[in-house]
Amino acid sequence: MIKDDNIKKGNKVKIDTVIKGLEKRGMKGYYAEDGEEALKMILEMMPEGSSVGRGGSATLNQIGVFEELHKRNYTCYEPHSETDPGRILAVRRAIFSADFMLTSANAITLDGEIVNIDGTGNRLAPIIYGPDKVIFIISAKKIAANVHAAIDRVKCDACPPNCIRLNKNTPCAITGKCGNCLSPGNTVCCNTNITRYNSIPDRIHVILVNEDLGF
């Protein structure tokens, strides 16, 4: 939670700038005051009866979106809730035909470019192609000045806690600093994607939340 009102106001200014950047890149941006408002917006965007896939996301967990979806008439594809390797693969593939993909992002620039870095790419792939609509939920703290700063933000701020969460034996999990590691079974910085333009009308929607969420 952000307690300083001036920080909230500053975030609002940045979010307004990001929304303008998204619009010129063929994406739709929305402002949410907090996670509760973001959750309401998500539910309004997705009619009951829809199929919904998810990417791994602390932000989604914090706002409780899939807990709400399970109470309603939605078909949910959640690879991270599976334990059997065959089921994990099947659910990941099923997301490509889902009505919606829900995910966060590692960073977003003031000019509306969305930056993500993944290990297996199972989150990046359906963002790029597959589900009819993709909805990002992105905290204001993930806004960066440009792509270079966004990538630095991912490696310095997002990767260390994420690798700790996943019990990865990476340099960043030990020192807090990216070591550009090449470690089988540990390295999570394998695939980088920059969503700089959306060529399919009305496919990508971005909810920017003025609250400290995610990594």
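Which residue in E4 is the bridge partner of Arg54? In this predicted model, the partner of Arg54 in E4 is Leu102.

**View 1. The open sheet is built from six strands.** The strands follow the order E1-E10-E7-E4-E2-E3, and their pairing is parallel. E1 and strand E3 (75-77) are the edge strands, each pairing on one side only. From one strand to the next, the twist averages 20°. Strands of a sheet pair through backbone hydrogen bonds, either parallel or antiparallel.

**View 2. Strand E2 runs parallel to strand E4.** E2 covers residues 51-54 and E4 covers residues 100-103. Three bridges join the two strands. The pair formed by Arg54 and Leu102 belongs to this view.

**View 3. Strand E10 is largely enclosed by the rest of the structure.** The strand spans residues 204-209, and it is largely enclosed because six of its six residues are buried. In a regular strand the side chains alternate between the two faces of the sheet. Here both faces are covered: one side holds Ile204, Val206 and Leu208, and the other holds His205, Ile207 and Val209. E10 is joined by five bridges to strand E1 (residues 28-32), and these two run parallel. Six bridges join E10 to strand E7 (residues 133-139), again in parallel. Val209 of E10 has Ala32 opposite it, and Ser139 also stands opposite Val209.

**View 4. Helix H2 has buried residues that are covered by strands and helices.** H2 consists of residues 35-45, and its buried residues include Gly35, Ala38, Leu39, Met41, Ile42 and Leu43. Among the elements that cover the buried residues of H2 are the strands E1, E4, E7 and E10. Helix H3 (58-63) and helix H4 (65-70) are also part of this cover. At the start of H2, a side-chain oxygen of Asp34 comes to within 3.3 Å of the backbone nitrogen of Glu36.

**View 5. Helix H7 has a kink at Cys159.** H7 (residues 147-165) has 19 residues. From its first C-alpha to its last it reaches 25 Å, close to the 27 Å expected at 1.5 Å a residue. The kink is about 45° and lies shortly before the proline Pro160. Cys159 and Pro160 are both among the buried residues of H7, as are Val147, Ala150 and Arg153. The cover over the buried residues of H7 includes strand E5 (107-109), strand E6 (114-118) and helix H8 (171-175). At the start of the helix, a side-chain oxygen of Asn146 lies within 3.2 Å of the backbone nitrogen of His148. Just after H7, Asn167 has a positive phi of about 60°.

**View 6. Thr109 is a buried residue of strand E5.** Thr109 is found in E5, and it counts as buried because its relative accessibility is 0%. Leaving aside neighbours within four places in sequence, the contacts of Thr109 are Val18, Ala144, Ala145, Asn146, Val147 and Ala150.

**View 7. Gly121 sits in a loop.** The loop lies between E6 and helix H6 (124-128). Is Gly121 buried or exposed? Gly121 counts as buried, because its relative accessibility is 10%. Not counting residues up to four places away in sequence, Gly121 touches Pro126 and Asn191. Gly121 and Met101 are 20 residues apart along the chain, and their C-alpha atoms are separated by 14 Å.

Key
Residues are numbered from 1 along each chain as its sequence is written. This is a predicted model: local features need pLDDT of at least 70, side-chain atom pairs count only at pLDDT 80 or more; totals for chains, interfaces and linings use all residues. Side-chain values use heavy atoms; hydrogens and water are left out. Helices (H or I, at least four residues) and strands (E, at least two) are DSSP runs, numbered from the N terminus. The expected span of a helix is 1.5 Å times one less than its number of residues. The bend at a residue is the angle between axes fitted to the seven residues ending there and the seven starting there. Buried means under 20% relative accessible area, exposed over 50%, partly exposed in between (1.4 Å probe, protein chains only). Contact means heavy atoms within 4.5 Å. A polar contact is a pair of N or O atoms within 3.5 Å; within protein, one must be able to donate a hydrogen and the other to accept it, and residues adjacent in sequence count only if both atoms are side-chain atoms. Two strands pair if DSSP finds at least two bridges between them. Axes are lines fitted to C-alpha atoms, for helices over the stretch in contact, and angles run from 0 to 180 degrees between N-to-C directions.
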